Amino acid sequence: MLYISGRGGNITDARKGFILSLLLALAVYLVPLPGLRASGHAALALLVFAVTMWATEAVPLAVTSLIILFAQPLIGVESFENAVIGFANPILFLMIGGFIMAEAIRKSGLAQRFTYYLLGRLGTSPERGLFVSIFSTGLLSAWIENVVAFAMLLPIIKEIVDIMGCSEPEKGKSNYAKAMILGASFGSLAGGFGTEIGTAPNLMAAAYTSIPFLNWMIFGLPLSIAMLLVTWFLLMRIFPSEVRALENGDALIGERIRMMGSMSRDEKLSAGILLFAILLWVTAGFTGINSYSVSLIAAVMFIFAGVITWKDAQKNIDWGLVVFFGGALSLGSALLKTGAAAWIIDKLVGMLGSDPSTVIVMLVLMAVAVIITQVMSNIALSAILVPLSVTLASAQHQPIGVYAVPVAIACSLSFMLPMADPTVAMAYGSGYVKLRDIPRAGIPIIAVGIILTVLVITTLAVPFIS
């Protein structure tokens, strides 16, 4: 997921992006589009405006979402009352609760202890150290923001690189350091496939398909684990380690754990609350407690237990993401209600032939998502593609999630360029990784990811995506 509450570019870039967005939207609005009614035509123009604004980042993405809200009644798409209905979507409260949980786990120190525990159990050989780097961020990011998971563990991973004796890793000269840093970044992305709250595109797909939390986990976790293993396997071969296992590695890790002391009260509380939340999520079908409520229950428990204060939570909730999501959901709803989404899908399917197979359509949509997500926010991209995918599935009388789920996953296959995802940008910014290293490792992982996703969606996931 991508943090989006920061500033856009400079004033000149903002003006250029805004003018370009207006011109493209106006061009779409003035071009005749047979078969599309006036409100749908206006919604399509608004879509072009929003996509261009998001892609150029003329202003923070959340600001574009605010424009979407007041523009709808002005151009005849929807009334303002209907436009803001996106902010009533319960998925937003799942996000807010997730942010509070992530901050509590970070502040308690539980993530740091978890990583050192894995190292202590698995050992400090290069292969096992890389395994820990990938799986520690991967397992955490299934439950908390992937950027938060990566940021929490990055200092620890750097420390492990130093312990292993890598030579000048900060200058990009160590294969092992490259594998460790990219492994943590890619692991945080792949780990997010496992649950609905793992990535923002997953949340978007869940909002439109209403797939139960446990259903998603049944096919999402196997896919996530498979991707983590693939990442581990490929990185070991793409960046063969120049360092060997430490003779005293276990002693060094043991010393780090001893320095941390016994688990603090906050760590124990954090572990207990997190496990309780996972239990509630998994048993939602039996208890009747939906996933949105579970997220808020856990968040409130963290505050009541004193692990964090409300001020802590406020500082680390990305309110820009919440605003963006509400606006994006509003735009998606407008596309569906006005018939614009159905019109786009009809044209897209027409390009694929009279009766394209489900797998072909899935591959085309995933390819589009993978290419665009390398240069555009995966949140913004999923806001565009997920509602279109739902419309297409309905038109073909397919399970509602048959395209939306793989598209959401493809939006998170952001392994190719630094601008594709904040964790990849942070990995590149560390200096441990050179620019050419990212696509060198990312492209084969993306290719395998597409294949695995199609296999899972067409086999294991079939009973659970309706």
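The model is predicted: local features need pLDDT of at least 70, side-chain atom pairs count only at pLDDT 80 or more, and totals for chains, interfaces and linings use all residues. Residues are numbered from 1 along each chain as its sequence is written, and side-chain values use heavy atoms, with hydrogens and water left out.

**Salt bridges**
- The count is four salt bridges (a side-chain nitrogen of Lys or Arg within 4 Å of a carboxyl oxygen of Asp or Glu).
- Asp 312 pairs with Lys 107, with 2.7 Å between the closest N and O atoms. Asp 312 lies in helix 16 (residues 310-316) and Lys 107 in helix 5 (residues 91-108), 205 residues apart; helices are DSSP runs of H or I, at least four residues, numbered from the N terminus.
- Asp 312 counts as buried because its relative accessibility is 14%, whereas Lys 107, at 42%, is partly exposed (buried is under 20% relative accessible area, exposed over 50%, partly exposed in between, with a 1.4 Å probe and protein chains only).
- Lys 178 bridges to Asp 437 at 3.3 Å between the closest N and O atoms. Lys 178 is in helix 9 (residues 175-191) and Asp 437 in helix 23 (residues 437-458), so the bridge ties together parts 259 residues apart in sequence. Both residues, Lys 178 and Asp 437, are buried.

**Helix 10**
- In helix 10 (residues 200-209), ten of its ten residues are buried, including Asn 202 and Tyr 208.

Key:
Helices (H or I, at least four residues) and strands (E, at least two) are DSSP runs, numbered from the N terminus.
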